[in-house]
Amino acid sequence: MKFTVSREALLRPLQLLNGVVERRQTLPVLSNVLVVADPQGLSLTGTDLEVEILSHLSIDGAVEVPGATTVPAKKLFDICKSLPDQSQIEFSLQDQKVIIRSGRSRFSLSTLPAAEFPKVEESQQDLSFELTQKEFKRLLDRSSFAMAQNDVRYYLNGLLLELSPGMLRSVATDGHRLATCSLAIDHGATSVVRSIVPHKGIVGLGRLFDDSDTPVQVVLGSNHIRVKTGDYVFTSKLVDGKFPDYERVIPRNGNKVVVADRQELREVLHRASILSNEKYRGVRLCLTDSNLEVTANNPTEQEEAEENISVNYQGDSLEIGFNVTYVLDVLDVLNNEQIKITASDANSSALIEEFGSDDDSLYVVMPMRL
């Protein structure tokens, strides 16, 4: 195997692959990236047996000798990153070693045979549809932050993609909050299809997308999701479990509706959170006519913060506590200048959404006792 490629062409694919590759593996080959050079160009693949990313680079005429091998992913990325901008990098395979030359630099890396490199199994194709990177990124950005991590309820450690006729919805919950975002799309499904993509898969997908209109092809099988966009093919196993009935926890009959300036409320909550209890992160919201008082205290240090903000509200007073991190996470992903909070009492979940928008995103935050 022998080929030449520019440093810049390698950097982004290797960075994405390193987000998938596991460094501490029982199988040493899983710490490596599969490098395949042929007349069509160069392909790089990384996997941890759950998630796989394949990147294809067109390097016209730069492959002198076709071949395949695997090399340590992190070391290869670190070498490329440390070389000067616009460097040309020559790769050659000699006696089970990859020799990397660039300018006056030379590196020799150990390899493992390409035949040992595993591929994520594909299940039978069930459903295929297209959307843009911008649309998919919005679905992920607006909901994925609410995913659980390392929860014993393993089906919460991922994001639900739900297809219903004419609609694609992303839903995430960790049991204390829920986030959902919807997109009207013609995907061809005539009945409801639900797939849970694991946490690591969602993180990997998020790194692939930008705010462009580049098309994304999504293939959903019974056990896998495959996403093709640009020069990348992403494959992930699906979580085998049943996602909770999220519709049941969305409060629909709240009689206390508050409209507030999103950025002002965000700043007020952020300042108050400085003096909240470090473990529970609780803040108290006291709602009266046209005013919202936000208080936080840390009994251990006998510290307290108090903030007031003008809001659009008329009605009975209400005092309710929240984990401030959960509310700030919602305010961080919304764009509208004003947000709407709907609640009923101190013991019921609150619904947060953008005010005056098309309501494609909904957020539920459970209250906490303070």
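Analyst: Happy to. Keep in mind that this is a predicted model.

User: How is the chain divided into domains?

Analyst: There is domain 1 (2-116), then domain 2 (127-248), then domain 3 (256-368). The centres of domain 1 and domain 3, taken over C-alpha atoms, are 48 Å apart. Along the principal axes, the C-alpha atoms of the chain fill a box of roughly 80 × 55 × 35 Å.

User: What is the helix and strand make-up of the two annotated spans?

Analyst: Residues 248-369 are 18% helix and 42% strand, while residues 130-245 come to 16% helix and 43% strand. The end C-alpha atoms are 22 Å apart in the 248-369 span and 26 Å apart in the 130-245 span. For the chain, the count is 6 helices and 25 strands.

User: Why is histidine 187 called buried?

Analyst: Its relative accessibility is 3%, and buried means under 20%, so histidine 187 counts as buried. Histidine 187 sits in the loop between β13 (177-184) and β14 (193-198). Leaving aside neighbours within four places in sequence, histidine 187 is in contact with Leu127, Ser128, Phe129, Leu163, Ser164, Pro165, Gly166, Met167 and Leu168.

User: How far is histidine 187 from serine 164, in sequence and in space?

Analyst: They are 23 residues apart in sequence and 8.8 Å apart in space, going C-alpha to C-alpha. Serine 164 is also one of the contacts of histidine 187, where contact means heavy atoms within 4.5 Å.

User: What makes serine 144 buried or exposed?

Analyst: Serine 144 has 19% relative accessibility. The cut-off for buried is under 20%, so serine 144 counts as buried. Serine 144 belongs to the loop between α3 (133-141) and β11 (158-164), and, not counting residues up to four places away in sequence, it touches Leu159 and Ile202.

User: And serine 290: why is it called partly exposed?

Analyst: The value for serine 290 is 34%. Partly exposed is what lies between buried, under 20%, and exposed, over 50%, so serine 290 gets the in-between label. You'll find serine 290 in the loop between β19 and β20 (291-298). Serine 290 also has a positive phi of about 60 degrees, although it is not a glycine.

User: Which class does glutamine 302 fall into, and why?

Analyst: Exposed: its relative accessible area is 78%, and the class takes in values over 50%. Glutamine 302 is in the loop between β20 and β21 (303-310). Its phi is near 55 degrees, a positive value in a residue other than glycine.

User: What share of the chain counts as buried?

Analyst: Of its 370 residues, 50% count as buried.

User: How many cavities of 30 Å³ or more are there, and what makes something a cavity?

Analyst: The structure holds 2 of them. The test is that a 1.4 Å probe fits but cannot get out.

User: How is the lining of the largest cavity divided by class?

Analyst: It has 10 nonpolar residues, no polar ones and 1 charged. The lining residues are Lys256, Val258, Leu285, Leu287, Leu292, Leu318, Ile320, Phe322, Ile341, Ala343 and Ala350. Lys counts as charged, so Lys256 is the charged member of that list. Strands β18 (256-261), β19 (282-288), β22 (318-323) and β23 (338-343) each supply at least two lining residues, and β22 gives the most, with 3.

User: What about the second largest cavity: which residues line it, and how do they class?

Analyst: Leu285, Phe322, Val327, Ile341, Ala350, Ile352 and Val365 line the second largest cavity. Leu, Phe, Val, Ile and Ala count as nonpolar, so the tally comes out at 7 nonpolar, no polar and no charged.

User: Last one: what share of the chain's contacts joins residues at least 24 apart?

Analyst: The figure is 66%, taken among contacts between residues at least 6 apart in sequence.

How values were computed
Residues are numbered from 1 along each chain as its sequence is written. This is a predicted model: local features need pLDDT of at least 70, side-chain atom pairs count only at pLDDT 80 or more; totals for chains, interfaces and linings use all residues. Side-chain values use heavy atoms; hydrogens and water are left out. Domain bounds come from an automatic or database domain assignment. Helices (H or I, at least four residues) and strands (E, at least two) are DSSP runs, numbered from the N terminus. On a 1 Å grid over the protein atoms alone, a cavity is a set of points where a 1.4 Å probe fits but cannot get out, and a pocket is an open set with protein on both sides within 12 Å along at least five of seven lines; lining residues have an atom within 4 Å of a point. Grid points are joined across faces, edges and corners, and a volume is the space filled by probe spheres set on the points. Buried means under 20% relative accessible area, exposed over 50%, partly exposed in between (1.4 Å probe, protein chains only).
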